[in-house]
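This briefing is meant to be read alongside the sequence and the coordinates.

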Amino acid sequence: MTRTEIRVSAIIVQDSKIVLIHRKKDGQEYWVLPGGHVEDGESPEAALTREVKEETGRDLLSSKVAFYIDMHPVYSCRVDSGNLIFTGPELANDPAVDWYNPEWVSVKLLPTLTIYPESVKEKLMTAL
């Protein structure tokens, strides 16, 4: 399947912690929200369900649009309980140069983290 230009992202907050994907790529270390591109023929909601499962190992219980970043929806989500585990196709990437790890991070740490895109970080700090 080919992917579209539309991206979806998930805000998953529980007990004052947020799920972020810790990334190390091309010598850079940063954080992103779980999410990714909508596949051709896939609804944004279906893409969100798929991406949350691939990037956290959790099932999506509910979601609603929290805000948009450049016309890409960012959803406030609830997920089932359990350990976070990354199961996406990116696992085939060489972890020495392209590493993914889902983590629960205290929302108090958001100002100190490098989160991409920057506009997501600004909106998160306002919303949380």
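In this predicted model, the protein exposes about 7300 Å² of surface, of which 51% is supplied by carbon and sulfur atoms. Of its 128 residues, 41% count as buried.

**Charge**
- The side chains include 14 positive and 20 negative ones, and the centres of these two sets lie 6 Å apart.

**Fold and dimensions**
- The protein contains 2 helices and 7 strands, and these follow one another along the sequence in the pattern β-β-β-β-α-β-β-β-α.
- With a radius of gyration of 14 Å, close to the 14 Å that the globule rule gives for 128 residues, the protein is as compact as a globular protein of that length.
- Taken along the principal axes, the box filled by the C-alpha atoms is roughly 40 × 35 × 30 Å.
- Among the contacts in the protein with a separation of 6 or more, 62% are accounted for by residues 24 or more positions apart.

**Glu54**
- Glu54 is a residue of helix H1, which spans residues 44-56.
- Glu54 has a relative accessible area of 18%, and because buried means under 20%, this residue counts as buried.
- When its neighbours within four places in sequence are left aside, Glu54 is in contact with Ile85, Phe86, Thr87, Gly88 and Pro89.

Methods: Residues numbered from 1 in each chain as written. Predicted model: local features only at pLDDT ≥ 70, side-chain atom pairs only at ≥ 80, totals over all residues. Heavy atoms only, no water. Helix = DSSP H or I, 4+ residues; strand = E, 2+ residues; numbered from the N terminus. Buried < 20%, exposed > 50% of the residue type's maximum accessible area, 1.4 Å probe, protein only. Contact = heavy atoms within 4.5 Å. Rg over C-alpha atoms; globule rule 2.2 N^0.38 Å. Areas by Shrake-Rupley, 256 points an atom, 1.4 Å probe, with all protein chains shown as cover. Lys, Arg positive; Asp, Glu negative; His and termini not counted. Charge placed at Lys NZ, Arg CZ, Asp CG, Glu CD.
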